Amino acid sequence: MNESLKLSPTEVDPWRFCKDGQSWEIRSEVAAFPRLASEFTQGTLFCRVIGRVNTRGSLSLQVKVSGEVGMTCQRCLSDMPYKVDMARTLYLARNEAEMERLDALPDSDAIQAGEVLSLVELVEDEVLLSLPVAVMHAPGKCPA
Ligand SMILES: [Zn+2]
């Protein structure tokens, strides 16, 4: 794919993004994601990131990604359908200590955020984390 068709990083100030309750969404071919293009053979992903402030003043990003894509079966190396459907809430932490504190809370994940955050890279990170180590057809279901 032509490099010019790749998605730009879409950088935001994550703190302002959450404080202002901003949101960002995109529907794009997997081939346009610089770090996902090699994971998937085809398909489209719908991504949404929403900034929030909770009642305690903690800032968080709600990340949702879904779509029907194709991946390469690690047993027969042929294409197989795979469904991406993930949703996570990530709290913003200014430093490592804050990140450990937030991570320790129940149902809480934290990311260390600086002044600039790439939403495309954030979405890519979350999708990559959600993928199984090896994708394979069900036992005995590989096409002959
Ligand atoms: Zn297979």
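These are my notebook entries on a predicted model, written as I looked things up.

**Ground rules**

I number residues from 1 along each chain as its sequence is written. Because the model is predicted, local features need pLDDT of at least 70 and side-chain atom pairs count only at pLDDT 80 or more, while totals for chains, interfaces and linings use all residues.

**Overall layout**

I began with the elements and found 3 helices and 7 strands. Here helices (H or I, at least four residues) and strands (E, at least two) are DSSP runs, numbered from the N terminus. Read from the N terminus on, the elements go β-α-β-β-β-β-α-β-β-α. I then looked up the extent of the C-alpha trace, which spans about 55 × 35 × 20 Å along its principal axes.

Next came burial: 24% of the 144 residues are buried. A residue is buried if 20 or more other C-beta atoms lie within 10 Å of its own, exposed if 12 or fewer, and partly exposed in between, with C-beta atoms placed from the backbone. I also looked at contacts, meaning two residues whose C-beta atoms, placed from the backbone, lie within 7 Å. Of the contacts with a separation of 6 or more, 60% are between residues 24 or more positions apart.

**The sheet**

In what order do the strands of the open sheet stand? I read β2-β3-β4-β5-β6, 5 strands with mixed pairing. Two strands pair if DSSP finds at least two bridges between them. β2 and β6 are at the edges with a single partner strand each, so one side of each has no neighbour in the sheet. From one strand to the next, the twist averages 25°; for such angles, axes are lines fitted to C-alpha atoms, for helices over the stretch in contact, and angles run from 0 to 180 degrees between N-to-C directions.

I went through the pairs one by one:

- β2 and β3 run antiparallel, joined by 7 bridges. Trp-24 has Val-49 of β3 as its bridge partner, and Arg-27 has Phe-46.
- β3 and β4 are antiparallel too, with 10 bridges. Arg-52 is opposite Ser-60. Their hairpin has 5 residues between the strands, and Gly-57 in the turn shows a positive phi of about 85°.
- β4 and β5 run antiparallel with 13 bridges, and Glu-68 is opposite Lys-83. This hairpin has 6 residues between the strands, with Leu-77 at a positive phi near 60°.
- β5 and β6 are parallel, paired over 4 bridges. Ala-93 has Gln-112 of β6 as its bridge partner.

I checked the length of α3. The expected span of a helix is 1.5 Å times one less than its number of residues. The 12 residues of α3 should therefore span 16 Å, and its end C-alpha atoms are 17 Å apart, which agrees.

Which residues of α3 are buried? I listed Leu-119, Val-120, Leu-122, Val-123, Glu-124, Glu-126 and Val-127. Their cover includes β1 (11–12), β2, β3, β4, β5 and β7 (117–118).

**The nonpolar core**

A nonpolar core is a set of buried Ala, Val, Leu, Ile, Met, Phe, Trp, Tyr and Cys residues joined through C-beta atoms within 7 Å. The largest one has 30 residues, and those with the most contacts inside it are Val-49, Val-63, Val-65, Leu-119 and Val-123. The elements giving two or more residues are α1 (14–19), β3 (42–53), β4 (59–72), β5 (79–93), β6 (109–112) and α3 (119–130). I noted beside this that nonpolar side chains tend to be buried together in soluble globular proteins.

Leaving out residues up to four places away in sequence, Val-65 touches Leu-45, Cys-47, Val-84, Met-86, Val-123, Glu-126 and Val-127.

**A last stop at Gly-21**

Gly-21 lies in the loop between α1 and β2 (23–29). Is Gly-21 buried or exposed? I put it down as exposed, because Gly-21 has 10 C-beta neighbours inside 10 Å. Gly-21 touches Gly-51 and Arg-52, not counting residues up to four places away in sequence. Gly-21 and Arg-52 are 31 residues apart along the chain, yet their C-alpha atoms are separated by 5.2 Å.
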